[in-house]
Amino acid sequence: MMKAPSDEEIQQLLEQQLKEGGLHELPGSDEDSTLYRLLFTALAAEPEVSRHSDLAKAVVKQIKTREQKAESLRYGVIIATVLVTGVIGAYFSISYVSPAIVGPALNFILAYKWIFAFIILCFGLIQIADKKLVVGH
Amino acid sequence: MQNEEEIISRIVNGDVTAFKILVKQYEKLVTYMVSRLVQNKEDTQDICQEVFIKVYRHLGSFKFQSKLSTWIAQIAYGTAINHLKKVSGKRNLTDDIADFENYHKTTEDPETILAKKNNTAFIQQQIEKLPVHYRTVLTLYHLNEFSYLEIEEITGMPEGTVKNYLFRARKLLKEKLEIYIKY
């Protein structure tokens, strides 16, 4: 009498069948083989899962929201840094810089005021253009 | 199906439409995996979104050393497992396997069994009761059709462990199915 295949042997045979493209009855199949065949069929069946109606749209929306938050945070940090630097700078200027030095420095700034104004204007325009390009993108 | 390299390059250059195509292509893979591992419907949807956000962020670093599906499954597995660790606190996920014997001995009463629709529905229900690592290998092998090597790459479990978990999970389910059919 032929010895019934073990669980391991049945599983291996059915795996082989899966690779070859489809499950069919094993030669000389016993109850275990039939049960495993039913099991393999059930395991490959798509489960009933609740899927998002439009996952792609939801993900893109989430990404955009997070990017906007990160962008706002970046600008917040820049503004805070500028303010803090300004306050610290003003504090040190008032406390440690003598009027004898401040006078010539102010004269220098006044003499080249248009150059300074142009640099500030360029910096502002670059920032605005950068933001617009990021949003457009 | 469009060329993956082309789609990835379009996404990296900021093409949202290409990213939507990619999400649609791998939605089933991620949803099946996450829902099998996490089991809470609300959490599942959030985690699926989280997985694709990670895919979007890290796509630039994908070097085609593996299949894109394997790489995405790896992210999905990691995200789902991290969520489970957070939810289950300090309990080790492999502790579930220690409960294996209890699961094995638990048999439902015939009335409950008869109330179930069919073999497939019964098996799906039984899978949900298995330890997380068993559910993972079953889903990756049978539903997502990954090879042993790919499952090893996705989960980080050695190939021998993957084979062992798969064998034990199937044997356990076969025994459950046998009881179910006999009633």
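Is B:Phe64 buried, partly exposed or exposed? Select B:Phe64 and take a look: with a relative accessibility of 38%, this residue counts as partly exposed. Keep in mind along the way that this is a predicted model.

**Stop 1: two loops**

You are now in the loop between helix H3 (41-58) and H4 of chain B, where B:Phe64 is found. Its phi is near 60°, a positive value in a residue other than glycine. Most residues other than glycine have a negative phi.

Now select B:Glu145, in the loop between helix H9 (132-143) and helix H10 (148-155) of chain B. Here too phi is positive, at about 55°, although B:Glu145 is not a glycine. B:Glu145 has a relative accessible area of 65%, so it counts as exposed.

**Stop 2: a pair of helices**

Next, show residues 16-38 (helix H2) and residues 68-88 (helix H4) of chain B; their axes come within 10 Å and cross at roughly 35°. The crossing of H2(B) and H4(B) is right-handed. To see the contact, display side chains on both helices: H2(B) contributes residues including B:Leu22, B:Tyr26 and B:Met33, while those from H4(B) include B:Ile72, B:Ala76 and B:His83. What kinds of residues make up this contact of H2(B) with H4(B)? They are 16 nonpolar and 2 polar residues, with no charged ones.

**Stop 3: salt bridges**

There are 11 salt bridges over all chains. Begin with A:Glu15 and B:Arg170, whose closest N and O atoms are 2.8 Å apart. This pair crosses between chains, from helix H1 (residues 7-20) of chain A to helix H11 (residues 159-182) of chain B. Both A:Glu15 and B:Arg170 are buried.

Then go to helix H3 (residues 55-96) of chain A, where A:Arg74 and A:Glu71 sit 3 residues apart, about one turn of the helix. Their salt bridge has its closest N and O atoms 3.6 Å apart. A:Arg74 is partly exposed at 39% relative accessibility, whereas A:Glu71 is buried at 18%.

Back in chain B, select B:Lys67 and B:Glu150, whose side chains meet in a salt bridge (3.0 Å, N to O). B:Lys67 lies in the loop between H3 and H4 and B:Glu150 in helix H10, so this pair links distant parts of the chain, 83 residues apart. B:Lys67 is partly exposed, with a relative accessible area of 46%, and B:Glu150 is buried, at 14%.

Conventions:
Residues numbered from 1 in each chain as written. Chains lettered and ligands numbered in written order. Predicted model: local features only at pLDDT ≥ 70, side-chain atom pairs only at ≥ 80, totals over all residues. Heavy atoms only, no water. Axes fitted to C-alpha atoms, helices over the stretch in contact; angles between N-to-C directions. Helix = DSSP H or I, 4+ residues; strand = E, 2+ residues; numbered from the N terminus. Left-handed = near helix turned anticlockwise from the far one by under 90°. Contact = heavy atoms within 4.5 Å. Nonpolar A, V, L, I, M, F, W, Y, C, P; charged D, E, K, R; others polar. Buried < 20%, exposed > 50% of the residue type's maximum accessible area, 1.4 Å probe, protein only. Salt bridge = Lys/Arg side-chain N within 4 Å of Asp/Glu carboxyl O.
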